[in-house]
Amino acid sequence: MKTMRIPSRSMYYGTPVALVCTQNSDGSDNLTPMSSSWSLRDFVVLGLGCASQAVENLHHRPRLTVNLPSADLWKSIEQIATFTGKNPVPDHKAAQFSYCRDKFKAAGLTRVASTEGGPSRVAECPIQIEAIVNTMTDVPDDPEGFSVIIAKAVAQHAAVGILDETSGQIDPAKWEPLIFSYRTYRGVGPELGRMARVVCS
């Protein structure tokens, strides 16, 4: 196989999209779309910009929900891709982002209460994970560093329609996660759409 060296600033090579919900200081929800995450046993590892409202919230209130949308929700995700819960908007984001207080409403999504006392879950997401921060590690970078967050799941919820009727576990044949790969939204099949926002470099 012949290869060629390519720029590697943003290596979004194909990971599930997640909607992370954290709690603001006034008790309201902040919803953050993101695509830098993975799981190990009952832990989730997330990568979020240090200047984000989500990271600020987690430093003070360490509970969160990680909501995994199915592929058909890509337009709702894109609807809030250029919004931030940070007010005022950080200078390095000002050209592409605007402040939005209620991203649930902007995305046309529905809040549902968590069972363990954390921020809201997203009703439309077939998989919802309630978690508590275990560690947060800041990594410096320009123009904005990022925080690597390890959180332990304390409750997991799944839509009945994606479960195996015998085992009660998630059936991969019924679950079609939304994947973000090199600025495109995909399911397990062909491309579904493209992100309008230019990735900051």
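Select Tyr-185 to begin. Tyr-185 is buried, with a relative accessible area of 2%; buried means under 20% relative accessible area, exposed over 50% and partly exposed in between, using a 1.4 Å probe and protein chains only. The model is predicted, so local features need pLDDT of at least 70 and side-chain atom pairs count only at pLDDT 80 or more, while totals for chains, interfaces and linings use all residues. Residues are numbered from 1 along each chain as its sequence is written, and side-chain values use heavy atoms, with hydrogens and water left out.

Rings of Phe, Tyr and Trp (its six-membered ring) pair if their centres lie within 6.5 Å; planes under 30 degrees apart count as stacked, over 60 as edge-to-face and the rest as tilted.

Now select Trp-74, which is buried with a relative accessible area of 16%. The structure holds three aromatic pairs. In one of them, the rings of Trp-74 and Tyr-185 have centres 5.7 Å apart and planes at 35 degrees, so that pair is tilted.

Finally, go to Phe-97. Lys-93 lies over the face of the Phe-97 ring, 5.2 Å from the ring centre (the rule is NZ of Lys or CZ of Arg within 6 Å of the ring centre and within 35 degrees of the ring normal).
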